[in-house]
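Here is a short briefing on one protein chain. Keep the sequence and the 3D view side by side as you read.

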Amino acid sequence: MPSGKRGRFAEGTPLLEAARQLGVHVESVCGGRGICGRCQIEVQEGKFAKHGITSSNDHITPFGGNEIRYAEKRDLKPGRRLSCTARVLGDLVIDIPQDTVVNAQVVRKDSDGRVIARNPAIQMCYVEVEEPDMHKPLGDLDRMLIALETDWGIGRPVIDAHILPGIQKVLRQGEWKVTLAIHHDADGERPHLIAVYPGLKNEAYGIACDIGSTTIAMHLSSLLSGRTLASAGTSNPQIRFGEDLMSRVSYVMMNPEGREGMTIAVREAINGLIDKVCAEGGIVRTDILDSVFVGNPIMHHLFLGIDPTELGGAPFALAVSGAVALKSSEIGIHLNTGARTYMLPCIAGHVGADAAAATLTEGPHRQDEMMLLVDVGTNAEIVLGNRTRTVAASSPTGPAFEGAEISCGQRAAPGAIERIRIDPETLEPRYRVIGIEQWSDEPGFEEMAKSVGVTGVCGSGIIEIIAEMYLAGIISEDGVINGALAARSRRVIATGRTWSYLLKDGEPRLTISQTDVRAIQLAKAALYAGIKLLMDKQGIDHVDRIGLAGAFGSFIDPKYALVLGLVPDCDLDKVKAVGNAAGTGARMALLNRDHRREIEDTVTRIEKIETALEPKFQEHFVYAMALPNKVDAFPKLAE
Ligand code: FES
């Protein structure tokens, strides 16, 4: 447990060996010497006596030599055993605990509570090396590699050059006992020796990082226990070169130093985040041996130092679409000298490694249900599929969903209106503001508003207000503000030849104009038309499940997404915000190299649809300008 795998084993098989035969990863650093404690398991069912006592009908061997020493020194929890030492004698149900933390550290629960089965690319292998002998002129390194092969079955790995100068010192310092850090590729074919530590090194760390165009988020995890030790985020400093993606590409096109400046900026920010997570996790950056990065194609290219100009126009050619694996030091990321960096593959010119990571997390390719996964930003990345077939596209939604191009739009920050309700009778609004607990009509709001301010409307607020205006009859199905309502409500006001809705009077005055409504209609029509194209390709007229990814997806109320027709009709309880699915996918790839192979295979099978080339796009777009849609019904919404 929790994998549920079962099997039969000869009496006396060590539990660690039984787990391996079942393909269940149980950590081991000391190679079964009973000193690292990484291989702990819990006996869920099956009898065994306490340490120091034996009983004739035990289902597992009694505590023996190394295990007794470990239990006495490190205090093995009740019910726990070292799987390298304990052997099978009868029927057992074995639990692989997720908290096998040997070094007592204060660790935080993973933010999304997800348990990721581990099989990291880094393997820590403790070996005891034969001392040098004048009669056997084998080199220190060569004898170390013989021990690696004998104890761990790892044939001669590729040796990183930086290892050689220090090898003799490390071996002597560790009194011929050393721990080797071995890096395995996703295909498991070419092990590399990337670090050597004196004695038993019973920990190794990795970082998973999502490079967003607005924010960069990083998690620090133990590669041996899977725990997240620290998380941190920062805004992407590339913003100073251009607010959105296309303006950054333009900046590169117009400035000879532009690409380099943005590459340096993002790498500096990432190195700064590494300092932060190390300080919070109580480790040093040289303890980090592996790193995984995801990002949209432009972030991906700039991070790798690749000019993104080709991504600025058709045919949106990626310099590299497959997964990229290299040494972190080669791209200016300061970790252990031998640390590795892995970037997930990109799906297409506008559907990046972040969408691949979200796909890995949500796993449409692992399900029978038809799942729609949408990440809304300046460009919406859309993946639609199930076990049989998966298709993907991007749609040019523009920055309206992020609050740009909207007269009262702003970033999601304190002072931004994020929730709105409009009374259909009086047309009076009530709203909630980021940084203020109360709704605007509740006691205490005014007081708080004086200090926090009410400065604008963020992306999720804009979706709500347009949807609420539609539900209250202020705007028609075609998105036209009904000026006749001005006669009965002070909230509908004339603005030149069109009408606006007055959301807030005073300073600043916040209104939703006809142009604002149009901007949202255009953005949502582009998104919906992209989704419809993918549904056409799949030959379906409804989806079973919808995942709204990213920051925007996390705050948007699914009901309003349907009211506006951002996404197709679906059971409301099957429309879910999936949080930072890209970041979680990065952590999955960090902690389990099988996931790297899985997403590499999946991406090669995803069919990419170029929305700009599809004649039906325009037709879907026109119908989707209506609220929620001119031709498509939303029966689930009516329920
Ligand atoms: Fe190290 Fe069991 S493998 S204690």
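This is a predicted model: local features need pLDDT of at least 70, side-chain atom pairs count only at pLDDT 80 or more; totals for chains, interfaces and linings use all residues.

Residues are numbered from 1 along each chain as its sequence is written.

**Terms used above and below**
- A residue is buried if 20 or more other C-beta atoms lie within 10 Å of its own, exposed if 12 or fewer, and partly exposed in between; C-beta atoms are placed from the backbone.
- Helices (H or I, at least four residues) and strands (E, at least two) are DSSP runs, numbered from the N terminus.

**Helix α2**
- Helix α2 spans residues 65-74, and its buried residues are E67, Y70 and A71.
- These residues cover an arc of only 100 degrees around the axis, so they sit on the same side of α2. The arc is that of the directions from the helix axis to the C-beta atoms.
- An α-helix has 3.6 residues a turn, so residues three or four places apart point the same way.
- The buried residues of α2 pack against β2 (80-82). Contact here means C-beta atoms, placed from the backbone, within 7 Å.
- D75 follows α2 and has a positive phi, near 65 degrees.

**Strands β4 and β6**
- In strand β4 (residues 122-128), 6 of the 7 residues are buried, so the strand is largely enclosed by the rest of the structure.
- β4 pairs with β6 (residues 177-183) in the antiparallel sense over 7 bridges. Two strands pair if DSSP finds at least two bridges between them.
- E128 has K177 in β6 as its bridge partner.

- In strand β15 (residues 380-385), 6 of the 6 residues are buried, so the strand is largely enclosed by the rest of the structure.
- A380, I382 and L384 point one way from β15, while E381, V383 and G385 point the other way.
- In a regular strand the side chains alternate between the two faces of the sheet.
- β14 (residues 371-375) pairs with β15 in the antiparallel sense over 5 bridges, and V374 stands opposite I382. A hairpin of 4 residues joins β14 to β15.
- β15 and β16 (residues 390-395) run antiparallel, joined by 6 bridges. S395 in β16 is the bridge partner of A380. A hairpin joins β15 to β16 through 4 residues.

**The six-stranded sheet**
- An open sheet of 6 strands has the order β10-β9-β8-β11-β13-β12, with mixed pairing.
- Its edge strands are β10 (228-235) and β12 (324-327), and each pairs on one side only.
- Neighbouring strands are turned by 15 degrees against each other on average, direction ignored. Axes are lines fitted to C-alpha atoms, for helices over the stretch in contact, and angles run from 0 to 180 degrees between N-to-C directions.
- Helix α7 (residues 297-304) packs on the sheet and touches β8, β11 (288-295), β12 and β13 (340-343). The direction of α7 makes about 140 degrees with that of β11.
- Helix α8 (residues 353-362) lies across β8, β11 and β13, at about 105 degrees to β11.

**Domains 3 and 4**
- The domain assignment, automatic or from a database, includes domain 3 (205-343) and domain 4 (363-399 + 519-638).
- The C-alpha centres of domain 3 and domain 4 lie 25 Å apart.
- Their contact takes 19 residues from domain 3 and 16 residues from domain 4.

Key: Two residues are in contact if their C-beta atoms, placed from the backbone, lie within 7 Å.
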